[in-house]
Amino acid sequence: MALLEYVTKEAFAPFGTVIEHPDPAKGGFCVVEREENDPWRIGIYRYSNHSIQQFECHPYSKESFEPLKGITVLLVAEHDTPEDYHAFLLDKPICLKKGVWHQVLSLTEVAEVKITENLEVAAEFYDHEKPISIGTCI
């Protein structure tokens, strides 16, 4: 019979990687796992933005978002109509199609998502005329 263990970096190292933002005090995007031979990466994005003005898209690759901490709103729009965006409560993992405009907002003080994408990612940006925020009754 095996004893139940906690997942820590040290205990799990022989078997793989614990996926977490390496510095809890810092925000932004951080690559936590990558594969050179089969080019992909996993990153953790930590953010505290409650409004945004810029969308981005990746015209040649898909991208997944998996909520980890906090409450996230995912803003998305089809490539030809970036002003016609939808806001989704990100309560389960999703994978975006190629070329979809997107951005995340935090409804809590800080939020984190896990992102899986190609190792090299082309990005385009779209600036909205005014900042976008989301009103809630949560």
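Biologist: How do the residues lining the largest cavity divide into nonpolar, polar and charged?

Modeller: This is a predicted model, where local features need pLDDT of at least 70, side-chain atom pairs count only at pLDDT 80 or more, and totals for chains, interfaces and linings use all residues. Residues are numbered from 1 along each chain as its sequence is written, and side-chain values use heavy atoms, with hydrogens and water left out. Ala, Val, Leu, Ile, Met, Phe, Trp, Tyr, Cys and Pro count as nonpolar, Asp, Glu, Lys and Arg as charged, and the others, Gly among them, as polar. The lining of the largest cavity then splits into two nonpolar, four polar and three charged residues.

Biologist: What volume does the largest cavity have?

Modeller: On a 1 Å grid over the protein atoms alone, a cavity is a set of points where a 1.4 Å probe fits but cannot get out; a pocket is an open set with protein on both sides within 12 Å along at least five of seven lines, and lining residues have an atom within 4 Å of a point. Points are joined across faces, edges and corners, and a volume is the space filled by probe spheres set on them. His58, Glu63 and His102 are among the lining residues of the largest cavity. Its volume is about 30 Å³.

Biologist: Which element gives the largest share of the lining of the largest pocket?

Modeller: That pocket holds about 200 Å³ of space. Of its 14 lining residues, the closest to the centre are Phe29, Glu56, His58, Glu63 and Ile115. Strands (E, at least two residues) are DSSP runs, numbered from the N terminus, as are helices (H or I, at least four). Strands E2 (40–47), E4 (63–69), E8 and E9 (111–118) each give two or more residues, and the largest share, three residues, comes from E8.

Biologist: Is histidine 58 buried or exposed?

Modeller: Histidine 58 sits in the loop between E3 and E4. Its side chain makes a 3.4 Å polar contact with that of glutamate 56. Such a contact is a pair of N or O atoms within 3.5 Å; within protein, one must be able to donate a hydrogen and the other to accept it, and residues adjacent in sequence count only if both atoms are side-chain atoms. Buried means under 20% relative accessible area, exposed over 50%, partly exposed in between (1.4 Å probe, protein chains only); at 5%, histidine 58 is buried.

Biologist: How many aromatic pairs does the structure hold?

Modeller: Rings of Phe, Tyr and Trp (its six-membered ring) pair if their centres lie within 6.5 Å; planes under 30 degrees apart count as stacked, over 60 as edge-to-face and the rest as tilted. The count is three.

Biologist: What type of pair do phenylalanine 55 and tyrosine 85 form?

Modeller: Phenylalanine 55 is buried at 0% relative accessibility, while tyrosine 85 is partly exposed at 31%. Their ring centres are 5.9 Å apart and the planes stand at 85°, so the pair is edge-to-face.

Biologist: What type is the pair of tryptophan 101 and tyrosine 126?

Modeller: Tryptophan 101 is buried at 5%; tyrosine 126 is partly exposed at 24%. The ring centres lie 5.9 Å apart with planes at 55°, so the pair is tilted.

Biologist: How many disulfides does the search find?

Modeller: A disulfide is a pair of cysteine sulfur atoms within 2.5 Å. The sulfur of cysteine 57 is 15 Å from the closest cysteine sulfur, in cysteine 95, too far for a bond. A search of the whole structure finds zero.
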